[in-house]
Amino acid sequence: MQCELCGGEIRGAPRTVHIEGAELRVCVPCSKYGTEVQKPRASTGSPPQPPRKMGGPPVPQPVQRRRRDLFDRMEGDLAEDYADRIRRARVAKGWTEKQLALEIMQKELLIKKVEKGDLVPEEELRKKLEEVLGISLIESAESEVKSSKGKGMTTTLGDIISIKK
Ligand SMILES: [Zn+2]
């Protein structure tokens, strides 16, 4: 008795499996490539296995974790004078702390803390502040330019140029 899949000698009872719609008698190792045909006598045994195709497309891998370390390095560090930059930009716009808070859907207290340097804005808050104030809170000019290259940043190259004027 030969396995109809690999051609090897079947020792013991052959397995009857469905592979790609064909019914084959195969050896035990090959039976994993197909769906085993349930014998009529087996009334309500184990539930039927889901069909498994041979050589099908690879299972999509889960989305890889964003390499934050790399991006964070490229984005540069928060400027030491971030509090001053925020306050100056806000005053230049003629906004009160409350108005700025409303612009970024935050509490006035949070703006006050940030402007006093009591609170270091997290990335999300920092980007909102940069966006509504039209400023950059990142230390190095070089990393600003790098981070503007197609990473879906809110700061565009045009923004940076206008800041630098
Ligand atoms: Zn085989």
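Colleague: Why does Cys 30 count as buried?

Modeller: Its relative accessibility is 6%. Buried means under 20% relative accessible area, with a 1.4 Å probe and protein chains only. So Cys 30 counts as buried. This is a predicted model, where local features need pLDDT of at least 70 and side-chain atom pairs count only at pLDDT 80 or more, while totals for chains, interfaces and linings use all residues. Residues are numbered from 1 along each chain as its sequence is written, and side-chain values use heavy atoms, with hydrogens and water left out.

Colleague: Why is Cys 6 called partly exposed?

Modeller: Cys 6 has a relative accessible area of 47%. Exposed means over 50%, and partly exposed lies between that and the buried limit. So Cys 6 is partly exposed.

Colleague: Which protein donors does the zinc ion have?

Modeller: They are the SG atoms of Cys 3, Cys 6, Cys 27 and Cys 30, 2.3 Å from the zinc ion. Donors are N, O and S atoms within 2.8 Å of the metal (3.2 Å for Na, K and Ca). Their spacing along the chain is C-x2-C-x20-C-x2-C. Cys 6 sits in the segment before β1 (15–19) and Cys 30 in helix α1 (residues 28–31), so this pair ties together parts 24 residues apart in sequence.

Colleague: What makes the arrangement around the zinc ion tetrahedral?

Modeller: The angles. Four donors count as tetrahedral if all angles lie between 85 and 135 degrees. The 4 donor atoms here subtend 104 to 115 degrees, so the arrangement is tetrahedral.

How values were computed
Four donors count as tetrahedral if all angles lie between 85 and 135 degrees; four count as square planar and six as octahedral if opposite donors are over 155 degrees apart and all others between 65 and 115; anything else is irregular. Helices (H or I, at least four residues) and strands (E, at least two) are DSSP runs, numbered from the N terminus.
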